[in-house]
Amino acid sequence: MAISKVGEVILNLRKRRDWTVKELIERLAEKKQSVSAGYITRIEQYGEVPSPEFICALADIFHVDAKKLLSAAKEQKLEQVDRNLEERYQKALGFYRAQKRR
Amino acid sequence: MSPRRPAWRPKDIFYLTEEILTDYALAKGWTEPNQYVFNLKDIYEEAIYPRYEIIIREDIPLGWQQRTKLLGKAICRENTALIDPSIAATTGDNRYIFTLAHEFGHLILHKDSTYKCYQMDSRTIFQQEKEANLFAEALLMPLWHLKRRVKDHYGLKCPWRYMGRGKYCFTWNGITKIIFVVSYTQFCQTVAAPLTRYFCNVSTMAMALRIHKLGWILNRSAETFMGTATDAANLMSTALAVTKKAAITSDQLTHT
């Protein structure tokens, strides 16, 4: 279980330097990572896990250790996949039981 | 006494929403108006959050106020929009979209209530609610796009005419249907229903109110538009309740 989500960490890092989302996108463009504003919104607000290359670029820009961010992102991604699979298996079981009853 | 907040002009609200929509169109890479398919979640992700950094929270039940359910609340200090979980995005209730846009309107237009002290009475609250409604309408159902869709699908340039109860002919995309209409509100809703899918799937009531306000339906009967939760009476009662609370807090502010 990740202690704090990757999105919250990135939001805090951005807020500490008083950057808007557009400034962050410009600095990422300098590092040759062109992203849309919607991607950053989904990372910060909806808990989407960014790709490892993106995390490395962010660690470069914010001058933090990339290893911690990557391990937190990996944990969060594994947890999401786990939950997703669990839901799908439960749903399939529910359908199977409902069909058997008929 | 603190001064009154200067009212937002509808033109300035329109310019704000145009900025947001152009940001969105640029982010999506659209060049022609025929490609526009509006989705409020996308608009929030691509245009509203990068510009205004508004947070949405849908997990706090908001309760009741003056016998009506409170569907949304905007907290300017935290830049947060709260939506009641009963109409959250997952439920598929259409009222969610207009409520969310209304709260965005509050947060964007009335942001200076965090650092400026304005007089708060029922008139200013009425004005604020009207401005937020205008913002939501201009964001979700922009006039230029609405005109284009009506012209493309209804093929009309002149407005509709309502003469009272009876059978009416509606032509959509060349297909004609005869529908028995009971009231003016139902007429507006029948006109508005096929258009909602082009405008973020907003509720038919919101679209009907927009068309009624624009004056595209000539009303030759004595009926008026009867909305559901947006009645003037409800608005007045909520305004009075908030005024009482605001009077207490403004006293505290003047004493400190």
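Residues count from 1 along each chain as its sequence is written, and chains are lettered from A in the order in which they are written. In this predicted model, local features need pLDDT of at least 70 and side-chain atom pairs count only at pLDDT 80 or more, while totals for chains, interfaces and linings use all residues, and side-chain values use heavy atoms, with hydrogens and water left out.

Helices here are DSSP runs (H or I, at least four residues), numbered from the N terminus. Axes are lines fitted to C-alpha atoms over the stretch in contact, with angles from 0 to 180 degrees between N-to-C directions.

| Helix pair | Angle | Axis distance |
|---|---|---|
| α1(B) and α2(B) | about 120° | 9 Å |
| α1(B) and α4(B) | about 40° | 9 Å |
| α2(A) and α4(A) | roughly 105° | within 10 Å |

Let's start with chain B, where α1 covers residues 10-28 and α2 covers residues 40-52. Their angle of about 120° makes α1(B) oblique to α2(B). (Under 35 degrees is roughly parallel, over 145 roughly antiparallel, 65 to 115 roughly perpendicular, and the rest oblique.) α1(B) passes α2(B) in a right-handed crossing, meaning the near helix is turned clockwise from the far one by less than a right angle. Contact (heavy atoms within 4.5 Å) involves residues including B:Tyr24 of α1(B) and B:Arg51 of α2(B). The residues of this contact split into nine nonpolar, no polar and six charged. Nonpolar covers Ala, Val, Leu, Ile, Met, Phe, Trp, Tyr, Cys and Pro; charged covers Asp, Glu, Lys and Arg; the others, Gly among them, are polar.

α1(B) also packs against α4(B), residues 122-140, and α1(B) is oblique to α4(B). That crossing is right-handed. Among the residues that meet are B:Ile13 in α1(B) and B:Phe135 in α4(B). Nine residues of this contact are nonpolar, one is polar and one is charged.

Over in chain A, α2 (residues 21-30) and α4 (residues 52-62) cross at roughly 105°, and are therefore roughly perpendicular to each other. A:Leu24, A:Arg27 and A:Leu28 are the α2(A) residues that meet α4(A). This contact has seven nonpolar residues, no polar ones and one charged.

**Where the chains meet**

10 residues of chain B touch 14 residues of chain A. Together the chains bury about 1000 Å², 48% of it on carbon and sulfur atoms; buried area is the accessible area (1.4 Å probe) lost on putting two parts together, summed over both.

How many salt bridges are there between chain B and chain A? The count is four, where a salt bridge needs a side-chain nitrogen of Lys or Arg within 4 Å of a carboxyl oxygen of Asp or Glu. A:Arg42 forms one with B:Glu45, the closest N and O atoms being 2.8 Å apart.

Definitions and conventions. Helix = DSSP H or I, 4+ residues; strand = E, 2+ residues; numbered from the N terminus.
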